[in-house]
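Hi,

Here is the structure I promised to pass on. Have a look at it first, and my notes on what turned up follow below.

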Amino acid sequence: MIQSHEYCRYFNFQPHIRGEYDIRNSLSLAIACLFAYEPREKIKTLALACGFPHVKVVQKYQPEENIDVKVFVMANDDAIIIAFRGMENSTNLRATLKSRPVKSPCGGIHQGFRTNLESITKDIQEAIDQVRNGNQSLWITGHHYGGALATLMTAHYLYENTEKVSGLYTFSSPRVGDDQFYDFFEPRFGSYSFRVVNGDDAFTQSPPQKLGFKHVGTCILYDEDGAIKFNPTSQQNVFEQLSPNMANFAKISNILSPETWGLLGEQGYLRTLLKVYQKQSFDTKLLSVPQSFRNDLANGSDQLGIEVD
């Protein structure tokens with residue numbers, strides 16, 4: 001299995017491409033989501049290897065309140081990227097299950113996701129302010145549970161009008177709001193929001209529509225062969241269509257497997273995106289590392305997957 005540091009060579013972010021889906025940005029932001037699962041110091045090393053020397057990692061952990069959020073902000077002279085970590089523990093699961101819609105200025109939104117985001121919004125803004133040079137575009141991304149928080153973070157900025165977001169990319173994101181939230185979000189940012197779905201990922205079909213939840217943004221659906229569909233009109237919820245009997249046990253187990261909704265693995269999001277990316281004529285050479293950082297990497301360059309001249 002390819003490890004986090006090995007994906008650095010495929011990080012090829014294009015901050016000037018806005019309002020249209022781009023495989024380079026999709027893969028790069030999915031890689032950023034992968035980094036969010038790593039320890040703090042490794043995140044900084046990986047971000048630097050991808051050309052982002054300024055990194056702030058913030059985390060809020062209050063399990064008694066079902067709060068556990070980890071996010072990092074990385075920046076260079078051109079862009080600031082906010083990347084939310086996905087589900088990692090039972091605290092995240094409990095928050096996900098608190099799906100009752102609650103009122104917000106943007107419409108009805110998922111209670112557990114809202115509570116978690118509100119616990120860390122101020123810290124994220126402080127991190128942005130610390131890495132800003134006045135010229136960068138702002139991008140937001142997240143995987144799974146983090147995709148929901150990324151969507152709500154974008155809505156927060158749309159409502160407060162305190163930050164101009166250039167684009168939102170999520171991977172395996174569940175629904176986060178109701179019809180009113182959709183009516184708020186879609187005309188303002190729908191064409192700048194890309195919700196990537198990998199085949200039969202059942203988590204993208206939760207919480208169920210019958211509870212009033214509705215997806216926002218442009219759906220980018222990849223099938224098992226890497227073929228892409230934009231906003232499929234009849235995206236099947238395979239999980240809901242299968243009855244829980246022994247004949248369907250293998251199919252249900254596959255849909256719920258991290259191999260399907262995870263970033264890594266043979267059927268994971270990164271493998272799917274990388275296959276599509278490699279079909280294009282993009283340069284995939286390892287990124288150079290600033291001279292000031294090379295001495296720190298020299299002894300561990302094999303482990304980091306970074307070339308040191």
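This is a predicted model: local features need pLDDT of at least 70, side-chain atom pairs count only at pLDDT 80 or more; totals for chains, interfaces and linings use all residues.

Let me start with a term: a cavity here is a set of points, on a 1 Å grid over the protein atoms alone, where a 1.4 Å probe fits but cannot get out. Grid points are joined across faces, edges and corners, and a volume is the space filled by probe spheres set on the points.

Residues are numbered from 1 along each chain as its sequence is written, and side-chain values use heavy atoms, with hydrogens and water left out.

Cavities

The search of the whole structure gave three cavities of 30 Å³ or more.

Salt bridges

Seven salt bridges come out of a search of the whole structure, a salt bridge being a side-chain nitrogen of Lys or Arg within 4 Å of a carboxyl oxygen of Asp or Glu. Below, helices (H or I, at least four residues) and strands (E, at least two) are DSSP runs, numbered from the N terminus. For accessibility, buried means under 20% relative accessible area, exposed over 50%, and partly exposed in between (1.4 Å probe, protein chains only).

One of the salt bridges joins K60 and D123, at 3.6 Å from N to O. K60 belongs to strand β1 (residues 54–62) and D123 to helix α5 (residues 121–131), so this pair ties together parts that are 63 residues apart in sequence. K60 is partly exposed at 23% relative accessibility, and D123 is partly exposed at 25%.

R85 pairs with D68, with their closest N and O atoms 3.1 Å apart. This pair also links distant parts of the chain: R85 sits in the loop between β3 (79–84) and α3 (90–97), and D68 in strand β2 (residues 67–75), 17 residues apart. R85 is buried at 3% relative accessibility, and D68 is buried at 1%.

Helix α4

R114 and E118 form a salt bridge too, with the closest N and O atoms 2.7 Å apart. They are four residues apart in helix α4 (residues 111–118), which means about one helical turn separates them. R114 is partly exposed, at 23%. The buried residues of α4 are G112, F113, N116 and L117. Viewed down the axis, these fall within an arc of 125° (taken from the directions from the helix axis to the C-beta atoms), so they line one face of the helix.

Backbone points to look at

The S206 to P207 peptide bond is cis, with omega near -15°, and P207 is in the loop between β8 (193–198) and β9 (218–222). N66, although not a glycine, has a positive phi of about 60°; N66 lies in the loop between β1 and β2 and is buried, at 16%. N231, also a residue other than glycine, has phi near 45°. N231 is in the loop between β10 (228–230) and α8 (238–241) and is partly exposed, at 42%.

Best wishes

Methods. On a 1 Å grid over the protein atoms alone, a cavity is a set of points where a 1.4 Å probe fits but cannot get out, and a pocket is an open set with protein on both sides within 12 Å along at least five of seven lines; lining residues have an atom within 4 Å of a point.
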